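Visitor: I am new to this structure and would like to be walked through some of its parts. Could you take my questions in turn?

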Amino acid sequence: MTQYLRLEDVGRLPAAGDNAAIAVRRLEAGTGVEYQGLRFTLSHTVLEGHRFAVRSVAAGKQLLSWGLPFGVASRRIVAGEYVRNAKMVEVLRQRGVDFKIPDGPNFEDRKLEPYRLDEASFVPGAQLPPHTEARYFEGYRRDGDRGVGTRNYVVVLGATSQTASYARALAERLEPVAGDYPGVDGVVPIAHTEGGGTSTPNNLALLLRTLAGFMVHPNVGAVLVADYADGAVTNRQLRRFMEEHGYRLGDVRHEFLSLEGGFEESLRRGEEIVRGWLPEVSAWVRTPQPLSSLRVALQCGGSDAFSGVSGNPLAGWVAKQIIRHGGAANLAETDELIGAEAYVLSNVRDLETARAFLGQMESFKELVGRHGHTAEDNPSGGNNFRGLYNITIKSIGAAMKRDPQVRLDYVLDYAEPMAHPGFFFMNSPGNDLESIAGQVASGCNMIFFVTGNGSVTNFPFVPTIKVVTTTRRYELLSRDMDVNAGAYLDGVPMEALGLDMLDLTVRAASGERTAGERAGHSQVSIWRNWARADGPAAREQHMPPAPSGEPLPVKPGEPRRDLRFEAARTIRGLATDQVGLVLPTSLCSGQVARLIAARLNESGIGQGRVSRFVALPHTEGCGASAGSAEAIYTRTLLGYLLHPLVGYGLLLEHGCEKTHNDYLRGHLMARGIELDRFGWASVQLDGGIVKARSKVQEWFEAALASGPGFGHEPAGLGALRLGLSTVGPVSDEVALSLAEVTRVVAGAGGTVVVPENAGVLHSQEYLRGVLGERAAENTLAYGQIAEKAGYHVMEAPTDHWVETLTGLGATGVEVVLVYTAGRPVQAHRLVPVLQVSDSGDSPDLDLVLGPNPEAWADEMLGQVLRVAGQEYTPRLFGRGNTDFQFTRGLLGVSM
C-alpha cells in the first residue's frame, strides 16, 4: 500500500502558485505525495533539486517557479510527473544515472523574448528606511576617497598576460618575507589572461578600467605594476587612463615597473621595491568603521535549484541590512538575469535606471549574438544536473540576490566605480571569476558567494564568504564553506540565519579569515577578449572543416644518423621524459591542481617512474560559450591527457563545470581509450579540497607502485617530436637554418609542428627550403594531436603567444624550439621551450647562434637534443617564467 508523504517533507514550492515543486532529496519512482488534498505518485526517480508537477498542466500551458514561467508543456503533464526538458534528458544520459531515464522531454524551454518595459505604468521604488543604531567593523581607513579596506595586501599586478608569470614568481618569492610583518595580510599576484597579443584587444577599455580599479582598491596597501614597454597594453597607457578618468593614484603607494634584461634581474628589482614597502604597509592599523563602508559583491557559482530558495535570498537579506546601514551591494552576471527582468525591475529607483538595465541586457545579447551564441549556452553541466533546466530558471533564482524590499538604484558597466551607497547592477558575463574581477574593480571589499554544488574559488585580496544552499552539501564540504543556507530548508527562519551571517560578515571584515582564505588558494580572470568587434552575427556552421591531419611532404634532407639522444622507453613507445599530470577540467579546479602537484613534488613519490608532477591551471571549461570554443577546449585538453610526456595522468574536476569528468569520460570512450588508464577526482563530490588532495595522492601512490617505470635507450631524430616557431622578424639566414632543421627531423621520420602564425611561414626562403614550390597549408586544428609523423602546420586563431604555445603543446611535441628576434617569451609548464637568437645578450636565452650561419642548424639541433635527452633545462622554465592558456578561437565568448 502506497504511503503518501506531505509535500513540505519532500519538496519546496518557491511561490504559492507554482505548479512544479523542487525535490529536497532524491525521490524514487512511485513515491506517494499529498498536496492540497490531492494524492499522486512520482512517475520516475527525481533527483534532489529536480522538479515534479504538483497539479496537471495542459499542453501549451506554462510551467511556473517563483510565479514566473520557465517552460511550456509540450503535452499534458499530470501531477507527480517528473518535469524535464530535452537538455535534462541528455544530461541524465551523460551522467550514467542508476535509474530509468524518461524516454523524452515533456516541456520546451520558454522562448527568450526582449523584455518590454511598460513606462506608462512605471512606479518608482521606495528607498529602504535606515537602521537607527550604528554598527561597526574594524577596517583600514585609506587616504583620499579610496574608502575602507577589509584587508591589507601588497599586490603584484601584471599589466598583461605577458607579465602574469612574473607577478606569480615575485609574489611567491616574497610571501615568506611578508610573514615577518604582522600588519600585512600577504603579497599576492594579479595574473590574468588579457592584453597578451600583438594587437590592441577589443576589451581594452574594460581591461584598463579593471586594472585601475584594482590599483586604488581599499584592500591594497601598495601595488607594483609590471609590463613590457613594447606590449599591446602598457603601464604608460594605464597611467594615462587613470589620470584621465579620475583615479587618484597619489592616494596609494605604487610603482610602474617595465621589465628589462633578464627575468631573474627583474625579480630582484621587484623584490627590492616591495621589501622597501613592507614596513610602511604593515604600519596601517584597523580602526572602528561604520558598516556604510562595506561594498558587497553578490555572486553565485555552481548554482543549483535551491540557490534561489535558500542561498541567494539569504545573501540578499544580509545585503539589505548593509544597505540600510548606508553600505552598497553589487549584483552582476548579466546573462544570468535574462528571463528574470520582470523581477529585477519590480523595484527600481527611476525610469532612467530601468532603461539602463535593459540597455545593458540587450548590449550583452548583441555581443554574444555576433559570435553565434545565445544565453542558453550559459548553464553548465553542474547547473543542469543539480536542477537548473535552462537559463530562465537559473536567472530567476539568481535574481533572488536582490531582496524584494531592496530597489535597484544604479546601473554600471563592467568595473565602473560605485560612487554611492545603495544597490547596483554591474554588467558582466556569468563567468564567476570574470564577474568577480569586475565587482572588485568597482570597489567591493567583501564577496558573498552563493553555491549549490560547492564552488571553492576565491579572489586574491578580497575575502569571500561561501554560502552553500543545502545542508547535505554543506556537510560534505564543511571545511570549504562558511554558511549553511540549507538550514532554512530545514526550518530555521531566514531572519535568524541572516543575523548570524551578518555577524560573520562583520567579523570577516574585521580580519577573521574565511574558509577560502584558510584554504590558501585564489585566482583572477578578467572579462576575456572577444574576436568580433562588429559585423553581422556569426554562424558556427560556416566554420571551415577541420584539417586532415595528414603531414605535408617535405624536400629530402641530408640524413643525420650521428644525431641521437637518450630517450625514455615507455609502454607506449619512446619519449623524452615521463611526468605525472594533474589536469584540471575547468578554471575552478586549476589552483587546487597546482597546490596538489606542488605537494606531490615535495613528497618525493614516483622516483624512477616520473621525473616530476605537473598541473596545468587555466581559465576555461566553464563560463564560456559552447560550439567551436568548447570543441577547441575539449580537443586540446585531451591532447595533454594523452601527451607522450604523460606517464600517469589524473583528471581533477571541480564538479559543476560543463566539461566535468563524465563529459570527458564520454569523449575518451568515443576514441576507444581505456578509462582505467587515468585517475579521476572531484573537488566537490569527493568532499572538498583536503579530501580531493588525499584521493589524488593515494591514486598516484598506488598507480606508481604497480605501474611500469621507464628505462632509457639511444634514439635518433625519428623519435623526436619538435614544435617550431619564431617571434619577430626572421632573416634569410635564420629561415634557411630553420628549414634545414625541419627537413632533417621530418626526413628522419620525426615530427615537426609549426603554428600558422609563426613569422617564419612568411619567409619564402623557409617555405622553399621545406616544401619546394608547394604552398603551406594547415594540417592540424588548434590542439589536435599529430598522430602521423612528418611536417605539420597547426591552426592558430589568435596572436596571443601563450595561447599559441598551449595549442602547440597539445599536438604531442616534446620540445619547442623558438627563434626570437627580441626578448625571450614565456615558456610552457609541461613542454620544454628552447629559445635561441642570433643577436642579443639576454641571460634568458638558451642559445645565441655563432658567427657562421652555415653552422646554425647544427647548433640548434644539438641544443634540442640536449633538452630531449634531459641534459639541459631551458632557462625560463627553471626560473618559473611559464604560463598556460587555451584559446577560445574566433567565436568563443564569456558567458
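The conversation below goes through pairs of helices, single helices and a few single residues in this predicted model.

Visitor: Where helix H7 and helix H15 come together, what term describes their relative direction?
Guide: Helix H7 covers residues 307–324 and helix H15 covers residues 494–509, and their axes come within 9 Å of each other. The two axes cross at roughly 60°. An angle between 35 and 65 degrees is neither roughly parallel nor roughly perpendicular, and therefore H7 is described, relative to H15, as oblique.

Visitor: How many nonpolar residues does the contact of H7 with H15 have?
Guide: On the H7 side the contact includes Val309, Pro313, Leu314 and Trp317, while on the H15 side it includes Met494, Leu497, Met501 and Leu502. Sorted by class, the contact has one charged residue and four polar ones, and the number of nonpolar residues is twelve.

Visitor: Is the crossing of helix H3 and helix H6 left-handed or right-handed?
Guide: Helix H3 (residues 164–178) and helix H6 (residues 263–282) pack with their axes 10 Å apart and at an angle of about 45°. The two helices are therefore oblique to each other. As for the hand, the crossing in which H3 passes H6 is right-handed.

Visitor: How many charged residues are there in the contact of H3 with H6?
Guide: Among the residues that make this contact are Tyr166, Leu170 and Arg173 of H3, together with Phe263, Glu264, Arg268 and Glu271 of H6. When the residues of the contact of H3 with H6 are divided by class, ten are nonpolar and three are polar, and the number of charged residues is five.

Visitor: How far apart are the end C-alpha atoms of helix H17?
Guide: Helix H17 runs over residues 590–603 and has 14 residues. At 1.5 Å a residue it should span 20 Å, and this agrees with the separation of its end C-alpha atoms, which is 20 Å.

Visitor: Which helix is included in what covers the buried residues of H17?
Guide: The buried residues of H17 include Val592, Ala593, Ile596, Ala597 and Leu600. What covers them includes strand S26 (579–584), strand S27 (613–615) and strand S28 (646–653), and also a helix, namely H20 (689–706).

Visitor: Which residue takes a positive phi just after helix H24?
Guide: Helix H24 (residues 856–868) has 13 residues and reaches 18 Å from its first C-alpha to its last, close to the 18 Å expected at 1.5 Å a residue. Its buried residues include Trp856, Met860, Leu861 and Leu865, and what covers the buried residues of H24 includes helix H21 (732–747) and strand S31 (721–727). Just after H24, the residue that takes a positive phi, of about 65°, is Gln870.

Visitor: Is Asp662 buried or partly exposed?
Guide: Asp662 lies in helix H19 (residues 661–670). Leaving aside its neighbours within four places in sequence, Asp662 is in contact with Gln94 and Arg95. Because buried requires under 20% relative accessible area, Asp662, at 21% relative accessibility, counts as partly exposed.

Visitor: Where does Glu333 lie, and what is its relative accessibility?
Guide: Glu333 has a positive phi of about 65° although it is not a glycine. Glu333 is one of the residues in contact with Cys300, which lies in strand S17 (residues 295–300). Glu333 itself lies in the loop between strand S18 (328–331) and helix H8 (341–344), and it counts as buried, with a relative accessibility of 0%.

Visitor: Is Gln36 buried or exposed?
Guide: Gln36 also has a positive phi, of about 50°, although it is not a glycine. Its place is in the loop between strand S4 (32–35) and strand S5 (38–41). With a relative accessible area of 64%, Gln36 is exposed.

Key:
Residues numbered from 1 in each chain as written. Predicted model: local features only at pLDDT ≥ 70, side-chain atom pairs only at ≥ 80, totals over all residues. Heavy atoms only, no water. Axes fitted to C-alpha atoms, helices over the stretch in contact; angles between N-to-C directions. Helix = DSSP H or I, 4+ residues; strand = E, 2+ residues; numbered from the N terminus. Parallel < 35°, antiparallel > 145°, perpendicular 65-115°, else oblique. Contact = heavy atoms within 4.5 Å. Nonpolar A, V, L, I, M, F, W, Y, C, P; charged D, E, K, R; others polar. Expected span 1.5 Å × (residues − 1). Buried < 20%, exposed > 50% of the residue type's maximum accessible area, 1.4 Å probe, protein only. Left-handed = near helix turned anticlockwise from the far one by under 90°.
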